[in-house]
Amino acid sequence: MRSPHHPPHLARLVSQTPIELTRRHFFRRGGLGIGSAALGALLAREGSAAEASGMHEGLGPGAALAEYHHRPRARRMISLFMSGGPSQMDLWDDKPVLRERNGQELPESVRQGQRLTGMSGNQSRLPLAGSIFKFARYGASGIPVSELLPHTARIADDLCIVRSVYTEAINHDPAITFMQTGSQIAGRPSLGAWLSYGLGSASEELPTFCVMITQNQGGQPLYARLWGSGFLPATHQGVQLRAGADPVLYLNNPPGISRGARREMLDTLAELHAIDQQRTLDAAVRQRVEQYELAFRMQRSVPGVADLSDEPESTFELYGEAARQPGTFAANCLMARRLVERGVRFVQLFHQGWDQHGGLPAGIRRQCESTDQASAALVTDLKRRGMLDDTLVVWGGEFGRTAYSQGALTATNYGRDHHPRCFTMWLAGGGTRAGSVYGKTDEFSYNIVENPVHVHDLNATLLHLLGVDHERLTYRHQGRRFRLTDVEGTVVEALLA
């Protein structure tokens with residue numbers, strides 16, 4: 001691992017550097033009774049120092065920043081996370097041999113003694129299950145896409161398909177935690193938190209990192225720690241936006257409390273926090289003030305983002321009628337576009353329900369009907385607005401599915417178990433190689449035979465596209481320097497335009 005380097009923001013060096021301690025001792029010795037206006041101005045200057053210095057351009061204010069930054073290909077990112085593990089051979093990785101050998105036993109030469117879950121490991125047979133869905137080639141690139149994704153198929157020439165992603169976890173919780181944080185064990189910062197920490201905010205009125213979950217969608221549980229800040233300062237955690245009149249809980253003023261009264265309360269609270277910080281030198285004090293002030297500014301900015309009345313009819317024709325219904329995947333995709341337009345650095349959408357151990361044909365059809373049009377619309381919308389070139393869009397889940405059927409296999413029905421050894425994701429925009437397919441699996445979509453992409457490689461590549469050297473963006477915690485990719489990861493140059 002390379003020598004550690006400090007991130008640039010003063011606000012992100014809390015309790016770690018001589019600069020921070022010197023400033024705190026200055027507060028103590030000077031006996032400064034800082035009012036809320038002065039404190040707010042100081043926090044704003046610190047929080048936006050990188051932006052004022054051109055940090056969001058990937059240029060940086062000085063040598064320290066240049067040590068882990070380079071010119072970015074993408075300025076922002078949208079993650080479309082398909083929680084549960086979509087079946088790659090039913091959507092993206094067509095395998096005619098599976099159809100030809102449908103019902104035959106999975107060859108041991110293919111399985112190679114690999115671990116199975118307890119759900120199918122005790123089956124007397126592991127019958128191969130060919131996809132019942134048809135594939136066709138689309139676009140000038142001729143990328144094969146399933147009939148389940150007619151809208152996404154039309155943007156095939158904008159996609160960079162990666163068929164050879166693999167992970168280390170075979171069950172949902174460790175796999176989704178690994179995908180989001182680079183570790184199977186909970187407690188590490190999420191990708192969005194690392195981006196917030198390393199790149200800073202591009203908006204004074206909105207959070208750097210926003211999260212939305214499709215409403216009323218069953219499936220594997222999701223936890224706030226998946227978009228949490230871990231051991232990074234709390235200001236970098238994702239802010240969950242919910243459907244309905246109050247997108248952020250407890251953001252609006254209680255009945256009888258005016259905006260002016262709220263401002264006076266925050267002013268007084270800031271003065272008290274300033275006194276407490278002088279006494280304790282506790283970094284969390286300033287973080288709390290930053291969150292209060294952001295929440296106050298969000299009272300005006302968030303309703304404007306959530307109000308879709310200024311969208312033309314053509315928008316809803318593109319995303320589908322479901323985009324009019326708050327909380328749907330389509331509405332969240334539209335919200336994601338509106339958020340990145342206004343300076344949000346990272347938006348992550350979670351859509352549950354891809355865990356199809358049985359009844360896969362009907363289940364995956366429903367999932368695609370809910371997500372296909374909106375996913376394609378988001379890419380198309382960004383492209384029409386001239387934003388796709390510097391907006392990175394990523395689609396995929398935590399692992400893939402097995403080539404054999406879990407449970408009974410019939411002519412029209414089958415299920416698939418978890419499969420970490422290979423799965424498919426796609427990238428669009430943000431400096432990725434459009435109209436390309438990378439990686440190759442065997443005839444059964446069971447093992448990777450060309451160009452494997454580990455989760456750490458994927459995250460290293462995403463950070464690289466956003467202008468960050470994944471080996472050098474680190475944070476000291478419990479006596480060691482941590483990073484998103486731990487001590488592994490290689491940028492996959494072939495995915496770059």
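Colleague: Is glutamate 105 buried, partly exposed or exposed?

Modeller: First, the ground rules: this is a predicted model, where local features need pLDDT of at least 70, side-chain atom pairs count only at pLDDT 80 or more, and totals for chains, interfaces and linings use all residues. Residues are numbered from 1 along each chain as its sequence is written, and side-chain values use heavy atoms, with hydrogens and water left out. Buried means under 20% relative accessible area, exposed over 50% and partly exposed in between, with a 1.4 Å probe and protein chains only. Glutamate 105 comes out at 35%, so the class is partly exposed.

Colleague: Which side chain does glutamate 105 meet in a salt bridge?

Modeller: The rule asks for a side-chain nitrogen of Lys or Arg within 4 Å of a carboxyl oxygen of Asp or Glu. Here the N to O distance is 3.4 Å. The partner sits 20 residues away, in the loop between α7 (108-111) and β2 (135-138); helices (H or I, at least four residues) and strands (E, at least two) are DSSP runs, numbered from the N terminus. The partner is arginine 125.

Colleague: How far apart in sequence are the parts tied together by arginine 401 and aspartate 355?

Modeller: Their closest N and O atoms are 3.0 Å apart, and they form a salt bridge. Arginine 401 lies in strand β9 and aspartate 355 in the loop between β7 and α15, so the pair ties together parts separated by 46 residues.

Colleague: How many residues of strand β7 are buried?

Modeller: Side chains in a regular strand alternate between the two faces of the sheet. In β7, Phe346, Gln348 and Phe350 are buried on one side, and Val347, Leu349 and His351 are buried on the other. For residues 346-351, the count is six of six.

Colleague: Which residue in β7 is the bridge partner of valine 211?

Modeller: Strands pair if DSSP finds at least two bridges between them. β5 and β7 run parallel, with five bridges. Valine 211's partner is glutamine 348.

Colleague: What is the volume of the largest cavity?

Modeller: On a 1 Å grid over the protein atoms alone, a cavity is a set of points where a 1.4 Å probe fits but cannot get out; lining residues have an atom within 4 Å of a point. Points are joined across faces, edges and corners, and a volume is the space filled by probe spheres set on them. Seven cavities reach 30 Å³ or more. The largest has about 110 Å³.

Colleague: Which element gives the most to that lining?

Modeller: Among the residues closest to the centre of the largest cavity are Ser79 and Gln348. With four lining residues, the top contributor is β1.

Technical notes. On a 1 Å grid over the protein atoms alone, a cavity is a set of points where a 1.4 Å probe fits but cannot get out, and a pocket is an open set with protein on both sides within 12 Å along at least five of seven lines; lining residues have an atom within 4 Å of a point.
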